[in-house]
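This report describes selected side-chain pairings and strand arrangements. The sequence and the structure are shown first, and the description follows.

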Amino acid sequence: MSESQTTVAIICHALSEKIADGFYSAAGRLPSERTLSEQFSTTRITLRESLGQLEAQGLIYREVRRGWFISPPRILYNPLQRSHFHAMAREQGRLARTDLIDACQIRGSDNVCHKLNLPAQSEVYRIRRLRYIDARAVLYVEHYLNPQFFPDIINDDLTQSLTDLYFSRYGIKYGRVRFDMVPTRLPEAASSALKVAAGSPALFITRINRDLDDRIIDCDLEYWRYDALHIDVDVG
C-alpha cells in the first residue's frame, strides 16, 4: 500500500469512528475540507479521496456550496406496497415534505407518449416535484399525466399526495403498476434540484400506473439519491 493510500485508509477509519460515536451528530455536518486537511496534516486531494470513499459507502454526502454531511438512515421502500411518499415516511417515523417545482401542459416526448400509450406529440401534463425526508432533499420526480383523466389538475395544490388527489377529486384509484429500476447518473435538472454535483450516482425508477379499469393514467420518472433509499421487498 502506498503512503497516500495508507493516509486515505487512516482518515476513513478515523472519520468512520467519529461518525459512529456521534461526534458530529449535533449538526450532522463535517468540518470544512480545509479544517479536516489541517487536522489530518494532509493535502486536499488526499482528503477528498477519503471523503469520496466514505460517500461511496453511504456514510456521508456532499451538497454543492454547502459542504459534507452525515447521511441519515435510509428510507425503506417496498415497491409492492401502494403507500404514498408521505405515508411511507410517516410509518417509519420520518418527516416528509414535497415542494412543487412547476406544473404545465406540454407536448410529450416520443418516450413519454409511448409510456402513456398515447399518439406521438400528444399533449400531456408534466408535474415536477422535489421531495424531502427530514429536511433533506432525496427525490426529484417528473410526473407525466394523461390530461383526459385529470382535467385542470395542474391548478390544484400539488404539494399533497397525488394518490389522494386522484381519488378525492377524480374518483380514480391505482390498479396495476409497472416498475423499472436502474442505477444511473443524475441529469442536470435533478442534480441542480438536489444540490449535488452533476452526474452524481442515483437510482432511477420509472413507474407506469394504471387505474382499476387497467387504463394507463400516468408515468413517474423518479431520481433518488443513491444513499437515501433501501429497497426492501417481502414477497408472500
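## Local contacts, sheet and salt bridges

The side chain of Ser-200 lies 2.6 Å from the backbone oxygen of Ala-197, a polar contact (a pair of N or O atoms within 3.5 Å; within protein, one must be able to donate a hydrogen and the other to accept it, and residues adjacent in sequence count only if both atoms are side-chain atoms). The model is predicted: local features need pLDDT of at least 70, side-chain atom pairs count only at pLDDT 80 or more, and totals for chains, interfaces and linings use all residues. Residues are numbered from 1 along each chain as its sequence is written, and side-chain values use heavy atoms, with hydrogens and water left out.

Ser-200 is placed in the loop between helix H7 (188-194) and S8; helices (H or I, at least four residues) and strands (E, at least two) are DSSP runs, numbered from the N terminus. With 16% relative accessibility, Ser-200 is buried, where buried means under 20% relative accessible area, exposed over 50%, and partly exposed in between (1.4 Å probe, protein chains only). Neighbours within four places in sequence aside, Ser-200 contacts Thr-184, Arg-185 and Leu-186; contact means heavy atoms within 4.5 Å.

Ala-202 belongs to strand S8 and is buried, at a relative accessible area of 5%. Not counting residues up to four places away in sequence, the contacts of Ala-202 include Val-182, Pro-183, Trp-224 and Tyr-226. The C-alpha atoms of Ala-202 and Val-138 are 9.9 Å apart, while the two residues are separated by 64 residues along the chain.

Strand S8 is part of an open sheet of 6 strands, ordered S4-S5-S6-S9-S8-S7 with antiparallel pairing. Two strands pair if DSSP finds at least two bridges between them. Strand S4 (96-107) and strand S7 (174-185) are the edge strands, each of which pairs on one side only. From one strand to the next, the twist averages 15°; axes are lines fitted to C-alpha atoms, for helices over the stretch in contact, and angles run from 0 to 180 degrees between N-to-C directions. S7 and S8 run antiparallel and are joined by 10 bridges. Tyr-174 has Asp-211 in S8 as its bridge partner.

Side chains of opposite charge can pair when their charged atoms come close. A salt bridge is a side-chain nitrogen of Lys or Arg within 4 Å of a carboxyl oxygen of Asp or Glu, and the count by this rule is 17 salt bridges. Three of these pairs are tabulated below.

| Asp-220 | Arg-207 | 3.4 Å |

The salt bridge between Asp-220 and Arg-207 ties together parts 13 residues apart in sequence, because Asp-220 lies in strand S9 (residues 216-225) and Arg-207 in strand S8 (residues 201-211). Asp-220 is buried, with 5% relative accessible area, and Arg-207 is also buried, at 14% relative accessibility.
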